[in-house]
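Open your viewer and have the selection tool ready. We will go from stop to stop, and at each one you will hear what to select and what is there.

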Amino acid sequence: MSDQIELSSPPFDSVSSVHFSPTNPDHLLVSAWDTTVRLYDVVANEQKAKIDHRAAVLTCCFGDATHAYSGGLDNGVRELDLTTENVTCLGQHGNAVSAVNYARDQSSRSFISLCNPCLTLYLIALDVLISGSWDLSLKLWDPRSSTANVSTHVLPERVYHMDLVNSTLVVSMASRLFHIYDIRKMSEPSQTRESSLKFMTRSLACMTDGKGYAIGSVEGRIGVEYFDPSPEVQDQKYAFKCHRQTIEDVDHVWPVNSLAFHPVHNTFASAGSDGTVSIWDHKLKKRLRQYPKYSAPIASVAFSCDGSRLAVGVSYTWDDGEEGAKTAERPAIWIRRTGDEVKKRTSDAKRCLPLNHYGYNPNFAHQTYVHL
């Protein structure tokens, strides 16, 4: 049996994000530039819902098993009923909505803890949606309230990406800026940082254990960062090159479009415009596996809540501009079953590939990661 399947009824235009349900490893949410958000049952290989928007959808997330949220180029923040396909507009930003995250209440997080018994999750009594926009702001929303917008927080730059672990929110912005918030105290960021990478941030994901996050850049590099500001912990952060290849003595470099941490093992997947997905152990600073190359760039990846599946959104990412779009293939959504390759390696380190100049080294040559 194949270790992956391709979902039927994919979007017609580029994929913007893929997200599994936080409680059901069979349900996958996909947003796309064809103005849709689609819900799939990946086991039945069936599209369960398709919700149309007025413009391209840049971001989506689950709220609970039957509700999702979306944002995009029409500036609106929407609640989506995945059962009835009804849409509720919670409010507007002044520019495109580039990221949404949902902070779930205790009951939701308790379910995830049961789904992943290896995890110890910090429980927070919150039930709030967070949206980030190119209008230089964050907004907090309570979908249950008649006045959904709880608060607005001004930022120094446009929001590109956000991710949330426990009560810690990481916001990636233009000009390589980062704000880190405790969402229980949103009056000001607990930390402000500049990216450790020299080029624009293309991807962001928080570690499952809540200790830090990884970022990817347009220039084929990944940085591993930690929240603890103490000097001894900050000395552990590093960056490395990846999603690169030498072809006829010419170095080709691709953006790192998406990152996702495994919900049980805290290893992470990276996906790039080179069409490859790699699994990394950030503690050992080693690559555990690179999957066979896909036929087009990879826009987004996500693990299921139990870690048994990896969703891979394959589509044109506009790295070659309008000319490349003329020959681009139709988007595809692949569901890959995960195995031992996502587990941390301790006693069997020889099977891991050390990071060399391009993020892989079949001959186990010199490692070149950089402490920052």
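## First stop: a hairpin

Select Asp41 and you will find it standing opposite Glu46 in β5. Strand names such as this one come from DSSP runs numbered from the N terminus, where a strand is a run of E with at least two residues and a helix a run of H or I with at least four. Before going further, please note that this is a predicted model, in which local features need pLDDT of at least 70 and side-chain atom pairs count only at pLDDT 80 or more, while totals for chains, interfaces and linings use all residues. Residues are numbered from 1 along each chain as its sequence is written, and side-chain values use heavy atoms, with hydrogens and water left out.

Now colour strand β4, residues 36-41, together with β5: the two pair in the antiparallel sense over 6 bridges. Two strands count as paired if DSSP finds at least two bridges between them. Click on Val37 and look across to its bridge partner in β5, Ile51. Then follow the chain around the turn: β4 and β5 form a hairpin with 4 residues between them, and Asn45 in that turn has a positive phi of about 50°.

## Second stop: the sheet around it

Is Ser17 buried or exposed? Ser17 counts as buried because its relative accessibility is 7%; buried means under 20% relative accessible area, exposed over 50%, and partly exposed in between (1.4 Å probe, protein chains only). Its side chain makes a polar contact of 2.6 Å with the side chain of Ser31. A polar contact is a pair of N or O atoms within 3.5 Å; within protein, one must be able to donate a hydrogen and the other to accept it, and residues adjacent in sequence count only if both atoms are side-chain atoms. Beyond four places in sequence, Ser17 is in contact (heavy atoms within 4.5 Å) with residues including Thr59, Cys60 and Ser300.

Go to Asp74, which sits in the loop between β7 and β8. With a relative accessible area of 16%, Asp74 is buried. Which side chain does the side chain of Asp74 join in a polar contact of 2.8 Å? Select Arg78 to see it. A polar atom of the Asp74 side chain also lies 3.1 Å from the backbone nitrogen of Gly76. Leaving aside neighbours within four places in sequence, Asp74 is in contact with Arg54, Ala55 and Gln92. Show C-alpha atoms too: those of Asp74 and Val97 are separated by 7.9 Å, though the residues are 23 apart along the chain.

In the loop between β7 (67-72) and β8 (76-81), pick Asn75 as well. Asn75 has a positive phi of about 75° although it is not a glycine, and at 18% relative accessibility Asn75 counts as buried.

Select Asp142 in the loop between β12 (137-141) and β13 (149-154). The side chain of Asp142 makes a polar contact of 3.0 Å with the side chain of Arg144. Beyond four places in sequence, Asp142 is in contact with Asp127, Ala148 and Val150.

Next, jump to His243, found in the loop between β21 (238-241) and β22 (244-247). His243 is not a glycine, yet has a positive phi of about 50°. At 5% relative accessibility, His243 counts as buried.

## Last stop: colour by confidence

Finally, colour by pLDDT, the predictor's confidence in each residue, from 0 to 100. The protein chain averages 89, and 87% of the residues score at least 70. Select residues 106-114, where the pLDDT is below 50, and then residues 116-125, where pLDDT stays under 50.
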